[in-house]
Every structure is written in C-alpha cells, then in structure tokens.
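I opened this model to see how its two chains are built and where they touch. My entries below follow the order in which I looked things up.

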Amino acid sequence: MIEETIRVEGGRVLATLTRLTGSLDRAEDALGDAVLVALERWPVEGVPRNPAAWLTTVARRKALDHLRREAQRDDREALAVHELAVHELADASDEPLPWGVVEDDLLRLVFTCCHPALAPSARVALALRLLCGLTTEEIARAFLEPSATIGQRIARAKAKIAAAGIPYRVPEAADLPERLDAVLAVVYVLFTTGHHSPMGDALQRVDLAREAIRLARLLVELLPHEPECVGLLALLLSAHARSHGRVDELGQPRLLADADRSRWDRDAITEAVTLTGQALRAGSPGPYQLQAAISCLHSVAPSVAATDWPQIVLLYDLLLARLPTLAVRVNRAVAVAEVDGPAAGLALLDALRDERGAQTWHLFHAVRADLLRRVGAKVQAAEAYRQALACEPNAVDRRFLEVRLGEVG
Amino acid sequence: MPQFIALIYEPATARISPDNPQFASYMQAYNEFGAVAGHAIRGGAALDVPQHATTIHVEGGREGRVVMTDGPFAEGKEFLGGFYILEAEDLDAAVALARHIPAAWRDGGRVEIRPSMPGM
C-alpha cells in the first residue's frame, strides 16, 4: 500500500524536483532518499495526509544537503553552476504546491521524455520509468526485452538529456503540434501497458491506465482545440470505462460478449462520446479520433449483437488508410466477421499470416482460433490456440486460451 | 592566406572524459600541438561524444518541418561540407537556428548537432 502510494505520487514529485534541482539525476537521487525515509517512517507514523507534499519537502532538503556537501568539495566553477539550484531549493516553501504548478512540472517532464532527439524506443521506456515509476525489470517484461537492454536505453536517454541540452520545458506554441505526436504516442502506450498487460500475472494495471488518462487530460487542457488530443482522451476514457468486471471470479477474462454492461462507468462513456463528437466536428479525423469513435460504439451498445458493426467496419476502413498496422487489420477482420460472418473474417486474417509480427503475437492466433471455432474447424482451431499459447501471453489470457483449447481439442 | 579546416577523428575508445585522472595527459598532447601551430590556429572546438548527437533534416524544403533523429549522421554519398559553432541556450534553441542552414533543408542534406565537450 505504501509502495503503491509512493509509485503513484512519485512521477509528480520527481517532476517538481527536476525543476528545483535543474537536473534529472539529482532529482532521482533526492526522491530515492526521501522514499527510504518514507518507508522507515510511514509504517510507524502513518501515511501523511498529502504524501506528495511530504515527499517533495523531504527530497528537497536531501537535495539541498547533497548540493552543499558537493559545493564544499568542488571548485568554484562547479559552485556557480549549483548556486541556482541551491537558491531554488532553499527558497521553495514547505507548503503543498498549488495544483497548477505540479501539473506544469508534470507536463515539462512529459515533453522532456518525449523529445524527438531521443530514440523513439527510449522515450516510452523513460516515460514508464520516470512518470509511472515502473522498475527497469517491469518495463523489460512489458516489452519482452532483456532487462539489461532497457536499463541501457534508459541510462543513455538520461545521459543525452543532460549532455545534449534537451530542455525541461513545454515547447513554444509554434513547436507544439510537431512535438505532440510523440507525446500522444507515449501516453497511448502507457495506457495500453496498463489496460492490457503484455505479460505478468494481471490482465490490467489500473493505476497505470489512470495515470495515462490524467496525462491525456493535461494535454487537452494545454491544447483544447487539437482534435487528436481530444480524441486520445476520449479513447482512453471509453476503453477504461469498460474495465470493471473484465476478469471474472475465477480469474478468467470476460469477453465483450459476456460483459456485465451495467458495471461500466456510464459517466466516463458519456464524456467520451461528447469529446469524440467534439473532436470529429473539427473535420480532420486522425487515428486517435477514429479509434475513440470505434471504442464509443462498443461502449454505448446494449449487447454485442446490437452493436453497430457496419459502422465499425467503416471506421476501420478510414483508420486503415491512416494507420495501416497489423493490429488495425486484425481488429478490422474481427468487425468484418460480425457483419459478413466468420469465414469472411478468416479470409482477411489468413492474408495477414506472413505480416511481420503476426506469428509471434498471441492475439493474432487467438482471434483466428475463435473464428475457426465458429466455422466448426475444430482441429485447426485447436492448433491456432496452441500457437497463441506459445506466444506466452499474460496469465489471465493464458488461462482463457487453455479453457478454449480444452473445449475444441 | 588560404584557410584549412582540420577535422579530428578518433576511435570511440580513445575518448577520455574530463573527470578521468588521465584526462590531463590526454589533453597535454593537444596543448603541445597548440604550441607548434598556435600562430596559425584561427578557432576550433572539442566535441562531445557521438552518442549525444542529434541529426536534423527539414522535410519539405526551407519552410518545412524539422525531423530529428537520435545519434550522429551516418555518412553515405554525402560529405562533410563545413561547420558552424552556434551559441544557444539549449538543444531546442540550437535546432531553431540550425534548421536554417541550407544543408538542413536542401535535398539529401543533413545537419548533425553535437554539444561541445563539457568542461572545456
């Protein structure tokens, strides 16, 4: 519980400390020190009413001590560099920071992590580490890559931020649209990592999904007239609104068909629908808006049978023209199967078999297995379920696939 | 008098950072060069390592959009055509200037931005 609080608040505290100390490394060190104090004292004294403010104050004092010690050792030039940070740290108040200041700090950190001068693969890893407090090991599991590779990628990105002079601020208005793509992509990946864990024991990590939604909201506040920004928030709200009851009492994932739709968050769905309409009226439907529209059609439908599948296929056609990825094609095949029957969906999937990434993606095999099952091709369906299991999905998906395999095998 | 630019290439393993105790002897040899050629040296700078480089290209001509990539420029048919030393507050400010260098927006051109070596 305490670890959880620290992780949830950590990103915000780190963002403020980076501004105060002028260095990401110093901020991380100070936060690390403060966390050690918290782990020692909170179990005894209880979690403070405002954990973020508590952590910020303790970390700020730690950073100040550290800088003063460093300054005593160092030559005068180094002292001059530190002087600014010492002033910032010493002058900062112990009072909790006003909400707007914290949010501004957080946005700065988001844009720093997503700077286009950093390798795209490093941006997401860095954001998961700094904004969501995931460990290198957790990120490595999410990306199915060795922990050492992820560690190196993060260390390199941090070294480059410091050495290359990547600024810690929200870019000028003129540069914002250019920078936005990278930021939206990172928030989207943060969400999907939380919404559907690529690996591990749980199907979803609600805290990560919530953090992504908070960030998407901040971006909409920053750029209220950017349709893709609004589209992303709508997409995340609609998808997250359906997260209740995604896993049943036995730990099995509940399919959309079996979902208890009364447990879905109606307020979030209403907001998502309103935002999607608002974004689409701007007349430039980008990938996030289209995905939001698709997600909303699922969220407002009374059942799978009563879902507006023809409209969903149409939206996937538009999406495919802008985002011709394997995932979009597989999802479109699912929608086509609902309109024209499972055989039509299967034909589309079979055409994707040689696409890069298809064979190692459990969902490709799982969708194919389901359609094969529905056309009565039990032997082929069993083979496809086995292929899906061979891709090592998360534990919940694995159990589901095993049950289905048992039914057809 | 004609001017010549001497470009310095060294293996990645040869670079020693200023906080390494061996840095002084690494630099000593450069200082000796300075003593020999000082009368002719008109300028120069030490560059930070290529891992800290950013390469930019302005897509769609002079007024187009800046595309940044992490890392140094990998030479192909292009050749090193010159250099500027730019003073700028941070990388964004440096890019805002460097995007106007014709090689950044002319077909096939690229501009690599490297910080100067820290502590020098």
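**Entry 1: where the chains meet**

I began with the contact between the chains and found that 13 residues of chain B are in contact with 13 residues of chain A, where contact asks that two C-beta atoms, placed from the backbone, lie within 7 Å. I noted that the elements giving two or more residues to the side of chain B that touches chain A are β2 and α2 of chain B, and that β2(B) gives the most, with 4 residues. Sorted by kind, the residues of that side of chain B divide into 5 nonpolar, 3 polar and 5 charged; here Ala, Val, Leu, Ile, Met, Phe, Trp, Tyr, Cys and Pro count as nonpolar, Asp, Glu, Lys and Arg as charged, and the others, Gly among them, as polar.

I must keep in mind that this is a predicted model, in which local features need pLDDT of at least 70 and side-chain atom pairs count only at pLDDT 80 or more, while totals for chains, interfaces and linings use all residues. Residues are numbered from 1 along each chain as its sequence is written, and chains are lettered from A and ligands numbered from 1 in the order in which they are written.

**Entry 2: chain B as a whole**

I listed 3 helices and 3 strands as the secondary structure of chain B, taking helices (H or I, at least four residues) and strands (E, at least two) as DSSP runs numbered from the N terminus. From the N terminus on, these elements run α-β-β-α-α-β. The C-alpha trace of chain B spans about 45 × 40 × 30 Å along its principal axes. Of its 120 residues, 15% count as buried, a word that asks for 20 or more other C-beta atoms within 10 Å of a residue's own, whereas exposed means 12 or fewer and partly exposed lies in between, with C-beta atoms placed from the backbone.

**Entry 3: the sheet of chain B**

In what order do the 3 strands of the open sheet in chain B lie? I read the order as β2-β1-β3, with antiparallel pairing, where two strands pair if DSSP finds at least two bridges between them. The edge strands are β2 (65-70) and β3 (111-113) of chain B, each of which pairs on one side only. Neighbouring strands of this sheet are turned by 30 degrees against each other on average, direction ignored; the axes behind such angles are lines fitted to C-alpha atoms, for helices over the stretch in contact, and angles run from 0 to 180 degrees between N-to-C directions.

I then followed the pairs. β1(B) and β2(B) pair in the antiparallel sense over 6 bridges, and B:Thr55 stands opposite B:Thr69 in β2(B). These two strands form a hairpin with 5 residues between them, and B:Gly60 in the turn has a positive phi of about 85 degrees. Helix α2 (91-98) of chain B lies across β1, β2 and β3, running at about 160 degrees to β3(B).

I turned to α14 (309-322) of chain A, which has 14 residues and reaches 20 Å from its first C-alpha to its last, close to the 20 Å expected at 1.5 Å a residue; the expected span is 1.5 Å times one less than the number of residues. Its buried residues are A:Ile312, A:Leu315, A:Tyr316 and A:Leu319. Why do they sit on the same side of α14(A)? They cover an arc of only 105 degrees around the axis, the arc being that of the directions from the helix axis to the C-beta atoms. The face turned away from this buried side carries the exposed residues A:Asp317 and A:Ala321.

What covers the buried residues of α14(A) includes α13 (287-300) and α15 (326-340) of chain A. The buried residues of α15(A), among them A:Val330 and A:Val334, pack against α14, α16 (342-350) and α17 (362-374) of chain A.

Most residues other than glycine have a negative phi. With 13 C-beta neighbours inside 10 Å, A:Glu392 counts as partly exposed.
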